[in-house]
Amino acid sequence: MRVCLASTSPARLMLLRQSGIEPETRAPAVDEEAVIEEIESREGRTLAPDEHVLLLARRKAADVAATIAATDPAFDGIVIGGDSMFELGGAVLGKPYTADVAAERWREMRGRTGVLHSGHSVYRVTPDAPPREAHAVAAASVTFAADVTDAEIAAYVATGEPLHVAGAFTVDSLGGAFIERVDGDPSTVVGMSLSTLRHLCAELGVSWTDLWNRTDAS
């Protein structure tokens with residue numbers, strides 16, 4: 001059973017590897033901003049975070065599944081797509097990209113609780129048959145320490161780690177020491193909910209243990 005991750009995210013790749021799966025990876029050709037703008041313009045409203053992440057996860061998985069069907073007709077396995085957004089006080093906080101924005105985010109987040117929304121799409125791709133999809137959104141709340149100092153924020157931002165991740169934080173690396181509690185599947189905060197993926201695979205008739213293809217989880 002082959003596994004293709006429709007993402008170039010190091011965090012999502014690491015999660016699958018730690019769970020015993022060494023996936024193939026393909027970058028989806030999806031213009032995320034254009035996709036969201038098109039749907040919001042058509043519907044005349046702003047998508048809620050759960051709608052936003054699910055839409056993008058499905059588009060990414062669908063794009064890679066279509067590419068595989070066209071270029072690798074013998075593929076027999078699953079394609080996994082994902083997307084994440086962090087919501088704090090009703091505001092959606094994406095990747096900060098700059099140090100100033102990341103530092104400002106952390107000053108806003110300390111002592112507060114936000115929600116990480118993660119969209120998941122799994123396609124079952126088999127030779128000579130149309131692909132089948134299962135999808136879902138998982139959410140986990142994250143509570144940040146209230147006593148994080150400005151100096152700690154500056155030092156963390158200086159590492160560059162928070163600049164290119166949703167919400168400007170990680171739970172599984174340097175940022176983990178500044179997070180007091182996670183309510184929900186912890187892997188959701190890293191990038192994908194492994195328990196959600198297992199359920200989606202089961203919906204498509206795929207046993208999670210059949211995807212294990214690593215001799216170790218390191």
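Ala62 sits in helix α3. Helices (H or I, at least four residues) and strands (E, at least two) are DSSP runs, numbered from the N terminus. The model is predicted: local features need pLDDT of at least 70, side-chain atom pairs count only at pLDDT 80 or more, and totals for chains, interfaces and linings use all residues. Residues are numbered from 1 along each chain as its sequence is written, and side-chain values use heavy atoms, with hydrogens and water left out.

### Helix α3

Helix α3 covers residues 49–71, 23 residues in all. From first C-alpha to last it reaches 33 Å, close to the 33 Å expected at 1.5 Å a residue. That expected span is 1.5 Å times one less than the number of residues.

Is Ala62 buried, exposed or partly exposed? Ala62 counts as partly exposed because its relative accessibility is 29%. Buried means under 20% relative accessible area, exposed over 50%, and partly exposed in between (1.4 Å probe, protein chains only). Buried residues of α3 include Pro49, His52, Leu56, Lys60, Val64 and Ile68. An α-helix has 3.6 residues a turn, so residues three or four places apart point the same way. The cover over the buried residues of α3 includes β1 (2–5), α2 (32–43), β3, β4 (91–93), β5 (113–125) and β6.

### Nonpolar cores

A nonpolar core is a set of buried Ala, Val, Leu, Ile, Met, Phe, Trp, Tyr and Cys residues joined through side-chain atoms within 4.5 Å. The largest one has 22 residues. Phe86, Trp106, Met109, Val142, Phe144 and Phe169 touch the most other members. Two or more residues each come from β3 (77–88), α4 (99–109), β6 (132–144) and α5 (150–158). The largest share, four residues, is from α4. Apart from this core lies another, of 19 residues, among them Ile21, Val190, Met192 and Leu200.

Contact means heavy atoms within 4.5 Å. Not counting residues up to four places away in sequence, Met109 touches Phe86, Leu88, Leu93, Phe144 and Gly167.

### Strand β7 and pairs across the sequence

Glu180 lies in strand β7 (residues 179–183). Glu180 counts as exposed because its relative accessibility is 56%. Leaving aside neighbours within four places in sequence, Glu180 is in contact with Thr143, Phe144, Ala145 and Ala146.

| Pair | Apart in sequence | C-alpha to C-alpha |
|---|---|---|
| Glu180 and Val142 | 38 residues | 7.8 Å |
| Ala62 and Val79 | 17 residues | 8.4 Å |

### The largest pocket

On a 1 Å grid over the protein atoms alone, a pocket is an open set of points where a 1.4 Å probe fits, with protein on both sides within 12 Å along at least five of seven lines; lining residues have an atom within 4 Å of a point. The largest pocket has a volume of about 870 Å³, the space filled by probe spheres set on the points.

Its lining has 35 residues. Arg12, Asp83, Ser84, Lys95 and Ala166 lie nearest the centre. Elements giving two or more residues are α1 (10–18), α2, α3, β3 and α6 (186–190). β3 gives the most, four residues.

### Positive phi

Most residues other than glycine have a negative phi. Tyr97 has a positive phi of about 70° and is found in the loop between β4 and α4. Ala168 also has a positive phi of about 70°. Ala168 is in the loop between α5 and β7, and is buried, with a relative accessible area of 0%.
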